[in-house]
Amino acid sequence: MKLNVDCIRAILLEVEKVPYGESLPFQTLVSALSDYSTDDISYSVLKLKEADYIEAIILHADDTAIIYEITDITYNGHQFLETIRDAKVWKETKKICNKVGSFALNVISSVAGQVLSALVKQNLP
């Protein structure tokens with residue numbers, strides 16, 4: 001299955017809204033992200049957990065992963081989200097990644113960081 005980077009970003013933005021000490025049930029996430037299929041959301045959650053961007057309770061039964069809830073966003077997840085949060089930065093990052101042909105999370109983070117740095121430099125006195 002192909003990784004949907006827009007879904008990745010949307011998930012991180014939703015997880016960040018959850019108050020400290022609370023968790024985000026998977027069905028609540030699916031309801032909040034109605035622009036994405038349940039398969040896209042499930043796959044993205046699994047990959048975000050593998051990348052150490054979120055903590056989640058995932059049950060395994062009959063070779064199937066069942067996502068129960070997302071319990072937290074990790075420090076790495078916060079760092080990644082900060083590089084892609086701004087819509088302008090996100091749009092430019094996707095444009096560049098599309099040109100180079102890679103949407104690996106580490107590439108996205110690197111490109112977004114460079115886009116963000118360029119914007120900061122443009123706005124310095």
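**Salt bridges, sheet packing and a nonpolar patch**

D6 is partly exposed, with a relative accessible area of 27%. Partly exposed falls between buried, under 20% relative accessible area, and exposed, over 50% (1.4 Å probe, protein chains only). The model is predicted: local features need pLDDT of at least 70 and side-chain atom pairs pLDDT 80 or more, while totals for chains, interfaces and linings use all residues. Residues are numbered from 1 along each chain as its sequence is written, and side-chain values use heavy atoms, without hydrogens or water.

The whole structure holds five salt bridges. A salt bridge here places a side-chain nitrogen of Lys or Arg within 4 Å of a carboxyl oxygen of Asp or Glu. D6 takes part in one of them, with K94 as its partner and an N to O distance of 2.9 Å. This pair links distant parts of the chain, 88 residues apart: D6 belongs to helix α1 and K94 to helix α5 (residues 87-100). Helices are DSSP runs of H or I with at least four residues, strands are runs of E with at least two, and both are numbered from the N terminus. K94 is also partly exposed, at 26% relative accessible area.

A salt bridge at 2.7 Å, N to O, joins the side chains of E16 and R85. E16 lies in helix α1 and R85 in the loop between α4 (75-84) and α5, so this bridge ties together parts 69 residues apart in sequence. E16 counts as partly exposed, at 27% relative accessibility. R85 has a relative accessibility of 27% and counts as partly exposed too. R85 also bridges to E82, where the closest N and O atoms are 2.5 Å apart. Through shared partners, E16, E82 and R85 form one network. At 43% relative accessibility, E82 is partly exposed.

The three strands of the open sheet follow the order β1-β3-β2, with antiparallel pairing. β1 (24-25) and β2 are the edge strands; each has a single partner strand, so one side of each lacks a neighbour in the sheet. Pairing requires at least two DSSP bridges between strands. β2 and β3 are joined by eight bridges in the antiparallel sense. Across this pairing, E55 stands opposite D72 in β3. Helix α1 (residues 5-16) packs on the sheet and touches β1, β2 and β3, its direction making about 50 degrees with that of β3. Contact means heavy atoms within 4.5 Å. Angles run from 0 to 180 degrees between N-to-C directions, with axes fitted to C-alpha atoms, for helices over the stretch in contact.

Helix α3 (residues 38-50) lies across β2 and β3, at about 115 degrees to β2. S42 sits in helix α3. S42 counts as buried, with 19% relative accessibility. Leaving out residues up to four places away in sequence, S42 touches F26 and I67.

I57, L59, I66 and Y68 make a nonpolar surface patch of about 370 Å². Patch residues have over 30% relative accessible area and no salt bridge; nonpolar side chains (Val, Leu, Ile, Met, Phe, Trp, Tyr) are joined within 5 Å, like charges within 9 Å. Areas come from the Shrake-Rupley method with a 1.4 Å probe, and for residues only the protein chains shown count as cover. I57 is placed in strand β2. I57 is partly exposed, at 33% relative accessible area.
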